[in-house]
Amino acid sequence: MKDRFPVGRVEDFPPGSHPIVDVGGRSLGIYNVDGALYAVQNLCPHALAPICMAPVTGTYLPSAPGEFVYGLEGRVLRCTWHGWEYDIRTGEALFGTERRRLATFPVTVEAGQVFVTMRALARA
Amino acid sequence: MTGVIDLDIHPTVTGGLDPLAPYLTRAQRDRLEFLGAGREGGGFLVGRAQMFAPNRGQRPDTVSPKGGPPCSDVDFVREHLLDRCGIDAALMIPLQPVSAAGWTYADEAAWYVSAFNDLMRDTWMAADRRFHLAMTVSPLDPQLAASEIRRFGRTPGVLGIEVPLINIPMGQRHYYPIFEAAQELGLPIIQHGLGGWDLVGVTQAAGGLPVHYAERYTLYGQIGQTQLVTMLFEGVFERFPELKVVFVEWGWTWLPSLLWRADSTWKSARIHHPWMKKRPSEYVRDHVRFTTEPALECDDPEHLRQVVEMMGGPELLLFSTDYPHWDSEEPFTVLKGLPEADRLRIFRDNAVDFFGSLLRLPQPVG
C-alpha cells in the first residue's frame with residue numbers, strides 16, 4: 001500500500017537545492033529541477049552507493065569523435081562511486097548505458113506542503 | 001642600443017581560463033578546466049590519464065566528518081568500512097610508499113618506505129588488530145629491500161610484502177634477493193602495481209601510452225599478466241618453492257585464456273624451460289592468488305561462474321574492496337553470479353587458508 005509522506009514546505013526546496021530526507025524507512029534526495037520537484041531514492045542500483053551525495057550536474061552528450069558537447073545541465077546525477085549517470089527526472093540511466101534505473105517517487109504539493117507518494121519500507 | 005630584434009620572450013596570462021572564455025565553447029572550457037589547464041602557473045596539459053578516474057578516483061562517502069583525504073581517519077575507517085561491512089581483517093596497501101618506486105633515488109626511497117612501515121605499525125595497526133599491513137619495500141635496490149624485510153617482516157600483523165613495479169618484469173633475477181627474504185620469513189609477495197604510466201621509471205603498458213583513463217583501466221591487466229607469465233617461465237617458483245604471491249587489483253577474468261595459452265606453449269617450448277616440472281597453471285594453483293576487485297560484471301551472471309570454473313576454481317580468489325577508491329566493491333553486491341558457498345569461501349576461507357597464522361583474527365587460526 002502506498003502512502004503520502006510529508007517531506008517539508010515548498011520553500012524548503014528552492015531551485016538547485018537537493019536536500020536528503022529520511023522518510024518512510026527510505027533515504028530520499030528531493031530535487032528542484034527548473035521549478036519541478038523530484039524524489040529519488042538515495043541508492044544507486046549498481047552497488048548501493050549513496051548517490052544523492054553527488055552534485056547535480058550536466059554531462060557531455062553523445063557526439064562525434066573529438067567533439068565535446070555539454071548538455072542536460074541541472075538534470076544529471078553522476079554516481080559518486082562508479083560514475084554511472086542518471087536523469088533525475090526519470091531515474092533512467094543516460095543514453096542507454098544501463099537498464100537498471102534509480103527508484104523515483106511522485107511528488108505533489110498541496111497548500112505549500114510537499115508530499116512524496118511511495119510504499120513505506122520497514123527499517124531493519 | 002636601438003633596433004634590436006629579440007626572438008625569444010615568454011608572456012604569461014593570469015586568471016586561469018577566464019581570459020580565454022570568449023574563444024572557447026562552454027563544453028571546451030569545462031573540459032580544459034577538468035584537465036587542469038586553468039591551474040595557476042599551469043597551461044600545460046599533461047597526459048595524466050590516472051588523474052581523471054571517475055570522481056577523481058575517490059568515494060566522497062569515505063571522507064570522515066573530521067575532513068581530510070579519504071581513508072585518512074583511522075576511527076572513521078574502522079566504523080565506515082570494517083564494522084559496516086563486517087570485516088575481521090583488512091590488508092592495508094598504502095600507495096604513498098608504493099609511489100617511491102617512481103623515484104630515481106634508491107637510498108632515499110628505502111628510507112621513506114621503511115619509515116612508512118614503522119609509522120603504520122605504530123598508528124593504524126596499533127589502533128585495531130583488524131588492520132594488517134602489506135609492508136612496502138623499494139624495488140630500486142633489492143639488497144636494501146631484503147634488509148628491510150628481515151628488519152620489519154616479523155612485525156605482528158604484517159601479511160606480506162608490497163613490491164612496487166619498475167620496468168623489470170617480476171620474473172627476472174633483479175627481484176630474487178627480495179623473494180629469498182620473503183620465502184625465509186614466510187611472507188607472500190603482494191603485487192599491487194601503482195597505476196604508473198605517468199610516473200618516471202615505472203612499468204608501462206605494452207604497445208604504447210594510452211591517453212584516456214578508460215583505455216588505461218581496460219588494459220590494466222596486461223601489466224599484471226607480464227609479471228605472472230615471467231615468474232612462471234623464469235622458474236621463480238622452482239627457485240623459491242615456498243614463495244607465494246597475491247596479485248591485487250589486476251583483474252582475473254583474463255586467467256582462462258592466459259593460462260590455456262601458457263600451458264600449451266609450455267608443452268611446445270619446454271626444452272627452453274626444463275626447470276618447469278609442471279604446467280604453468282599448476283604453479284599458479286600452488287603459489288598464486290588474485291583479489292576480486294574489480295570483478296567482472298557480465299550481462300549473464302552465469303558467465304561469471306563459468307569463468308571462475310575455467311580459471312581453476314574459486315580457491316584462487318581472495319575478496320577485496322579497494323576502499324576508498326571510486327571502483328571499490330562491497331560484499332553486499334559483488335560476485336552475485338557465484339554459488340553462495342563459493343562467495344563465502346572467497347570472502348573469508350580462502351584468505352584463512354592462504355595467510356594462516358599471519359592473520360590476527362578474533363579466533364586465532366590453527
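This is a predicted model: local features need pLDDT of at least 70, side-chain atom pairs count only at pLDDT 80 or more; totals for chains, interfaces and linings use all residues.
From the N terminus on, its elements run β-β-β-β-β-β-β-β-β-β. The radius of gyration of chain A is 15 Å, close to the 14 Å that the globule rule gives for 124 residues, so chain A is as compact as a globular protein of that length. Its C-alpha trace spans about 50 × 30 × 20 Å along the principal axes. Of the 124 residues in chain A, 44% count as buried. Among contacts in chain A with a separation of 6 or more, 46% come from residues 24 or more positions apart.

Chain A carries 12 positive and 12 negative charges, whose mean positions are 8 Å apart.

Aromatic rings come next, with 17 aromatic pairs over all chains. One of them joins B:Tyr175 and B:Phe179, which are stacked at 6.2 Å centre to centre with 20° between the planes. B:Tyr175 is buried, at a relative accessible area of 0%, and B:Phe179 is likewise buried at 0%. A further stacked pair is formed by B:Tyr220 and B:Trp250, with 5.0 Å between centres and 25° between planes. B:Tyr220 lies in the loop between helix 8 (213-219) and helix 9 (221-233) of chain B, and B:Trp250 in the loop between strand 5 (245-247) and helix 11 (255-269), so this pair ties together parts that are 30 residues apart in sequence.

Terms used
Residues are numbered from 1 along each chain as its sequence is written. Chains are lettered from A and ligands numbered from 1 in the order in which they are written. Side-chain values use heavy atoms; hydrogens and water are left out. Helices (H or I, at least four residues) and strands (E, at least two) are DSSP runs, numbered from the N terminus. The radius of gyration is taken over C-alpha atoms; the globule rule is 2.2 Å times the number of residues to the power 0.38. Buried means under 20% relative accessible area, exposed over 50%, partly exposed in between (1.4 Å probe, protein chains only). Contact means heavy atoms within 4.5 Å. Lys and Arg count as positive and Asp and Glu as negative; His and the chain ends are not counted. The place of a charge is taken as NZ of Lys, CZ of Arg, CG of Asp or CD of Glu. Rings of Phe, Tyr and Trp (its six-membered ring) pair if their centres lie within 6.5 Å; planes under 30 degrees apart count as stacked, over 60 as edge-to-face and the rest as tilted.
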